[in-house]
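Hi everyone, thanks for having me. Today I'd like to walk you through the aromatic rings in one structure.

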Amino acid sequence: MDHITFLVAVVIVTALAFDFTNGFHDTANAMATSIATGALKPRTAVLVSGALNLVGAFLSTEVAKTISGGIVDERLVSPGMIFAGLVGAILWNLLTWLVGLPSSSSHALFGGLIGAVWVGAGSHGVHFDKVVEKILIPAVASPVVAGVAALIATYLAYRFTARARQKPVAEGFRIGQIASASLVSLAHGTNDAQKTMGVITLTLISAGALGPDAGPPVWVIASAGLAIGLGTYLGGWRIIRTMGKGLTEIQSPQGFAAETASTTVILTSAHLGFALSTTQVASGSILGAGLGRRLAEVRWGVAGRMVIAWLVTLPAAALAGGLAASAVTHGGNAGTAVVALVGIALAAGIVVISRRNPVHAHNVNDTHEITLGAASPTDVRTAA
């Protein structure tokens with residue numbers, strides 16, 4: 001532990017803070033549809049999701065290895081660069097949470113890290129071929145695959161139950177949603193907690209505390225899993241409202257289909273080491289489920305704003321990470337302190353602003369209060 005300097009310790013704490021924001025930012029991915037359909041009570045949903053995120057963190061480390069030894073050159077990375085990238089990612093997570101926008105925490109992390117390393121070590125410090133292979137291609141393919149799978153599953157669910165009594169059908173699918181939402185939470189822990197594990201492992205490698213190509217130690221896995229689990233338990237109610245009520249009015253068969261499709265895509269990608277965005281997968285699944293139900297209202301205005309956020313997230317976080325890295329690189333300890341203070345001040349300001357219009361477990365399903373997800377004249381009803 002001699003290599004754990006004060007700066008390394010600060011980076012580890014900052015990484016766990018990002019993991020915490022990742023948890024409450026992405027709670028909606030697993031539980032928004034179950035809360036929207038009444039399959040689970042809001043507080044029960046976030047408790048179950050938090051616990052399973054912690055369990056999922058121990059299932060695999062393939063994604064962590066992609067982060068620690070894939071997208072950037074670990075030989076050129078310093079703890080200061082990683083700190084700068086994390087600050088950019090945290091601020092973007094908090095900003096998008098404030099407006100209830102389901103942007104990608106994963107891409108915020110990747111963008112912040114890429115921007116910081118690019119500024120701190122030069123463009124050769126970033127493995128752009130790996131960025132394309134492991135991040136950009138999955139970002140395009142995963143929501144499409146999940147959406148198509150959810151559309152087909154939703155269509156079949158309604159087709160096969162068309163002659164059955166609707167109340168028992170709805171109750172059956174709500175029970176099924178408890179299992180499917182739990183699996184999404186497990187998959188989220190397997191995928192997203194690993195990203196913070198990878199960042200901490202990269203920090204330890206850059207500081208000489210671990211050898212090249214090392215995997216995350218057990219204490220790193222446990223702390224990352226605990227941080228994301230606690231964040232999930234707090235519940236990102238603003239984003240849960242957008243995902244559960246903003247994109248389309250979800251019924252229990254659609255919720256079950258969306259969650260099952262999300263789980264399949266996330267677990268498959270985690271096994272292959274693809275660091276995809278669970279937010280994009282879950283959003284694609286919900287949109288597909290909306291398209292799969294005849295006469296379901298799909299709010300294309302909301303979907304369009306979400307896609308814009310997906311496109312902006314990586315470069316915006318990279319810009320923030322790059323600016324922070326410039327201050328850290330040229331300012332030394334003083335620059336690091338300034339970045340930390342500015343980051344804390346901005347984060348505190350966002351939290352204060354959020355309290356003016358609070359969203360919590362008791363009003364998360366109040367559709368009349370949705371601002372991001374308000375229906376627009378371009379909303380349509382689609383039939384499969």
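This is a predicted model: local features need pLDDT of at least 70, side-chain atom pairs count only at pLDDT 80 or more; totals for chains, interfaces and linings use all residues.

Residues are numbered from 1 along each chain as its sequence is written, and side-chain values use heavy atoms, leaving out hydrogens and water.

How many aromatic pairs does a search of the whole structure find? Four. Rings of Phe, Tyr and Trp (its six-membered ring) pair if their centres lie within 6.5 Å; planes under 30 degrees apart are stacked, over 60 edge-to-face, and the rest tilted.

One of the pairs is W118 with F128, edge-to-face at 5.3 Å centre to centre and 70° between the planes. W118 sits in helix α5 (residues 105-121) and F128 in helix α6 (residues 128-160), so this pair ties together parts ten residues apart in sequence. Helices here are DSSP runs of H or I, at least four residues, numbered from the N terminus.

Next come F173 and F256, a tilted pair at 5.8 Å, with 55° between the planes. F173 belongs to helix α7 (residues 166-206) and F256 to helix α10 (residues 252-272), so the parts they tie together are 83 residues apart in sequence.

Finally, ring pairs link F20, F24 and W97 into a cluster. R238 lies over the face of W97, 5.5 Å from the ring centre; that label needs NZ of Lys or CZ of Arg within 6 Å of the ring centre and within 35 degrees of the ring normal.

Conventions. Helices (H or I, at least four residues) and strands (E, at least two) are DSSP runs, numbered from the N terminus.
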